Amino acid sequence: MAAVPRWQLEGDWFDVCKCDIPCPCEFAQAPTNGACEGILAWHVRKGSYGGVALDGLNVIALGYFEGNIWAGAKATMGIFIDARADDRQRDAMQTIFGGKAGGWPGEFAQNIAEVRGIEFVPIEFEVAGDLATWRAAIPGKVEAKAEALTGPTTLPGQRVQTLNPPGSEVGPNAVATWGKSKVDRADAFGFKWDRSGQSSKHIPFNWSGPG
């Protein structure tokens, strides 16, 4: 850790997965049908790694695991990093998201048993200001789109949220806004699926390290 500079990232994270709504993994329980697979997407609104600015960069991961990820299950993942990143930014993003720079990503990396690969690709990322929708895509490989969950007693503009979920993918003290997937499609790293209507959630993140 001695060679890792101070770093900080804040932004948006969301997923779409095969679990029923609400995804039990967010509550530190086993997935709906014993296994979970899905798309995870991060957008860095503001960030730096030492003197390297990381504002605006995106990451998408495809993941699969069997059992409770918070009780010893290990995930298999494939990772995409924004092709707009220059060499220094690519090194910084790989170091942080690979868990080698400490902070929350370092803790989360302990849940990953296998990384099938890392590719640098164009990534599209959108989150509505009122959290009505969120979307991320890699043309020809991945598309994830969700709408905020609503129901007969949800007033217009209000969001269905969970405070301090015990299985937050972005770390403690989170606020998860629940959604329903409209598109959940992937064909990369040996993963392949195409579905909709399952669980999704958006959570803002604010990480720092290496300590």
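Of the 211 residues in the protein chain, 52% count as buried. Buried here means under 20% relative accessible area. The model is a predicted one.

Start with the overall build. The protein chain holds two helices and 13 strands. Its C-alpha trace spans about 50 × 35 × 35 Å along the principal axes. For 211 residues, a compact globule would have a radius of gyration near 17 Å, and the protein chain has 16 Å, so the two agree.

Next, the contacts. Take those in the protein chain with a separation of 6 or more: residues 24 or more positions apart account for 68% of them.

Now the surface. The protein chain exposes about 9500 Å². Carbon and sulfur atoms supply 49% of that area. As for charge, the protein chain has 20 positive and 24 negative charges. Their mean positions lie 1 Å apart.

Finally, turn to helix α1, residues 87-97. Five names matter on its buried side: Gln-89, Ala-92, Met-93, Ile-96 and Phe-97 are buried. They cover an arc of only 110° around the axis, which puts them on the same side of α1. The general rule is that an α-helix has 3.6 residues a turn, so residues three or four places apart point the same way. The face of α1 turned away from the buried side carries Asp-87 and Arg-88, and these residues are exposed.

Technical notes. Residues are numbered from 1 along each chain as its sequence is written. This is a predicted model: local features need pLDDT of at least 70, side-chain atom pairs count only at pLDDT 80 or more; totals for chains, interfaces and linings use all residues. Side-chain values use heavy atoms; hydrogens and water are left out. Helices (H or I, at least four residues) and strands (E, at least two) are DSSP runs, numbered from the N terminus. The radius of gyration is taken over C-alpha atoms; the globule rule is 2.2 Å times the number of residues to the power 0.38. Buried means under 20% relative accessible area, exposed over 50%, partly exposed in between (1.4 Å probe, protein chains only). Contact means heavy atoms within 4.5 Å. Accessible areas come from the Shrake-Rupley method with a 1.4 Å probe; for residues, only the protein chains shown count as cover. Lys and Arg count as positive and Asp and Glu as negative; His and the chain ends are not counted. The place of a charge is taken as NZ of Lys, CZ of Arg, CG of Asp or CD of Glu. The arc is that of the directions from the helix axis to the C-beta atoms.
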